[in-house]
Amino acid sequence: MGTVKATARILVSSLAGIMTFLGTMTAGCDDIGGVPSWERCRSWLGTPIIEWPGGDWSPIFPLLLGIGVGYLVFRLLGFAPLRASK
């Protein structure tokens, strides 16, 4: 039973991290003058809700955010079911 809980915990936290990454990582932008980047850039899941600074390092921010959200979900799922079963 513990293996099933651990596997589900890992899968849900991985899915949360991946969805966060895909929702915030910019997939492509149209060059339209005078339009803010968040209106002309699209992510794989639609319009990103966060505008990242440009440059070569911009993919680092969505990646770190996705890892952070995945870790947070992993920790939250670890506290709730285990505390209730003890």
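Predicted model: local features only at pLDDT ≥ 70, side-chain atom pairs only at ≥ 80, totals over all residues.

Trainee: In which helix does Phe-74 lie?

Mentor: Phe-74 lies in helix α3. The charged end of Arg-9 sits over the Phe-74 ring, at 3.8 Å from the ring centre.

Trainee: How far apart are Phe-74 and Ala-6 in sequence and in space?

Mentor: One separation is counted along the sequence and the other between C-alpha atoms. Phe-74 and Ala-6 are 68 residues apart in sequence, and their C-alpha atoms are 9.6 Å apart in space. Two further pairs can be read in this way. Ile-10 and Tyr-71 are 61 residues apart along the chain, with 9.5 Å between their C-alpha atoms. Phe-61 and Thr-24 are 37 residues apart in sequence and 8.8 Å apart from C-alpha to C-alpha.

Trainee: Where are Ile-10 and Phe-61 found, and how accessible are they?

Mentor: Ile-10 is found in helix α1, and its relative accessibility of 44% makes it partly exposed. Phe-61 lies in helix α3, and at 35% relative accessibility it too counts as partly exposed.

Trainee: How many helices and strands does the chain have, and in what order do the elements run?

Mentor: The chain has 3 helices and 2 strands. Starting at the N terminus, the order is α-β-α-β-α.

Trainee: What span should helix α1 have, and how far apart are its end C-alpha atoms?

Mentor: The expected span is 1.5 Å times one less than the number of residues. Helix α1 covers residues 2-24, which is 23 residues, so it should span 33 Å; its end C-alpha atoms are 33 Å apart, in agreement.

Trainee: Which residues of α1 are buried, and what share of the chain is buried?

Mentor: The buried residues of α1 are Ser-13, Ala-16, Gly-17, Thr-20, Gly-23 and Thr-24. Of the 86 residues in the chain, 17% count as buried.

Trainee: Which residues make the nonpolar surface patch?

Mentor: Trp-57, Ile-60, Leu-63, Leu-64 and Ile-67 make a nonpolar surface patch of about 550 Å². One of these residues, Leu-64, is found in helix α3, residues 60-85. Leu-64 is exposed, because its relative accessible area is 53% and the limit for exposed is over 50%.

Trainee: How many aromatic pairs are counted?

Mentor: Rings pair if their centres lie within 6.5 Å. By this rule, the count is 0 aromatic pairs.

Methods. Residues numbered from 1 in each chain as written. Heavy atoms only, no water. Patch = residues over 30% accessible without salt bridge, like charges linked within 9 Å, V, L, I, M, F, W, Y side chains within 5 Å. Areas by Shrake-Rupley, 256 points an atom, 1.4 Å probe, with all protein chains shown as cover. Salt bridge = Lys/Arg side-chain N within 4 Å of Asp/Glu carboxyl O. Helix = DSSP H or I, 4+ residues; strand = E, 2+ residues; numbered from the N terminus. Buried < 20%, exposed > 50% of the residue type's maximum accessible area, 1.4 Å probe, protein only. Phe/Tyr/Trp six-rings, centres within 6.5 Å; stacked < 30°, edge-to-face > 60°. Lys NZ or Arg CZ within 6 Å of the ring centre and 35° of its normal.
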